[in-house]
Amino acid sequence: MTALFWEAFLIAAASLRANKLRTALTLLGIIVGVAAVIAVVTIIKGLDRTVANTFSSQGSTVFSVSKRPMVILSREDLVRFNKRKDITEDDAEAIARLCSSCWRIGIAVNNPNTLVKYNDQKSENVLVRGVTLPMLAIDDVNLAAGRAWTETEETAAHRVCVVGADILTNLFGGAPPEQAIGREIRIAGQPFEIIGVAEKLGSIFGFSRDNFIYIPYEAYKRAFGARTSLIIFVQARSADELENVEDEVRTIMRNRRGKTFLDEDDGFALETQDVFLDLYKRATSNIYLVTIGVASVSLIVGGIVVMNIMLVSVTERTREIGIRKAVGARRRDILTQFLIEAVVLTAIGGVIGVGLGFGCAYGLAFALGFPTLISVWSAILGVSVSSVVGIISGSWPAWRAAELDPVEALRAE
């Protein structure tokens, strides 16, 4: 049986070599189809990983307590949430005092779209965050140069700051981080000394994640006031303890708001970063299905092309089929030969398509700034799918060849 399949494979390969141009044109449809599917799947997986890493940068042990949810989907909800009481320092102190399971507790207040200057240079739309010292650990801020401020500096409201990589580019012409240490910049007109530079995070969807400045919360209050609601970040020691810590903090905050678990609105929002991931998945799931569906159309078109070419091949080789049957070839032998020919054709196209698809995905991912996740399983899947296309599209031509009457086939010119 193996010898018969090998012989059929050699005959199929010889036939494909004999018609190089037709084989190349037939391969083109399969190559484009497989490359499109592989490229789309690879890009999607890389994009998913990038989004997951970005939105889960604080890890699976951190959640926030805020006045409003991080994602608000309607104006009515915004009006309702704005009626809630502000989150205050007293709330943070109560959580720190009463929550026995909490590991780290930090306070943050954001001031987006801030103008920052150094001499004649400026950086616009900077996110300025007034935070307590634990927030640097909770946000996993790694420093490329300098240091974080101390508890003494925070308590004394020293005007010091830790800046992102974009501040170096915009204010200091991309100078090495060490050269920015000790320089004085003006944040919304207020002087602050740079004592630390954070490691570069890169961008996502074309938006930089390095255009930020951290300053001590006490210094933020003195410079910009404390009229806005705070965000309290709480970190558990491990992911296994997160749910228990959330329940403990939720109970503390409900008691402070005079709420119980029976109330529809707790008067605050308690969320992890998963809220962004859920929103992203809901927003993109249908888009991905449509994109992969459109890419799969190319495979269907490629399969139709293969079927047409195989039908032409059967017509051209009718006399050959008649001779083979006359000397003893069975219907199964003819069927196997043409099926193998179709599968070999599409499998070769699948291999080339997988390579081209990974190449396109890598180039696009490099241009957009997110990683590619090249999977061996997706390569195997690409070749397998192309082979299945070959079996399906080659079945009808192979059956027609096998059903030819040998006498009529020998009469063909």
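Going by sulfur atoms within 2.5 Å of each other as the test for a disulfide, the count here comes to one disulfide. This is a predicted model, where local features need pLDDT of at least 70 and side-chain atom pairs count only at pLDDT 80 or more, while totals for chains, interfaces and linings use all residues. Residues are numbered from 1 along each chain as its sequence is written, and side-chain values use heavy atoms, with hydrogens and water left out.

**Cysteines**
- The disulfide links Cys 99 with Cys 102, at an S to S distance of 2.1 Å.
- Its torsion about the S-S bond is about 85°, so the Cys 99 and Cys 102 bridge is right-handed.
- Both Cys 99 and Cys 102 are buried (buried is under 20% relative accessible area, exposed over 50%, partly exposed in between, with a 1.4 Å probe and protein chains only).
- Cys 161 sits at 0% relative accessibility, so it counts as buried.
- Cys 360 comes out at 44%, so that one is partly exposed.

**Strand β2 and its partners**
- Strands here are DSSP runs of E, at least two residues long, numbered from the N terminus, and two of them pair if DSSP finds at least two bridges between them.
- β2 (residues 104-118) runs antiparallel to β11 (residues 231-235) over five bridges, with Ile 105 opposite Val 234 of β11.
- β2 also pairs with β3 (residues 121-131), antiparallel over eight bridges; there, Asn 111 has Val 128 as its bridge partner.
- Two residues separate β2 and β3 in a hairpin, and Asn 119 in the turn has a positive phi of about 55°.
- With β6 (residues 184-187), β2 makes an antiparallel pairing over two bridges, where Lys 117 partners Arg 186.

Note on methods
Helix = DSSP H or I, 4+ residues; strand = E, 2+ residues; numbered from the N terminus.
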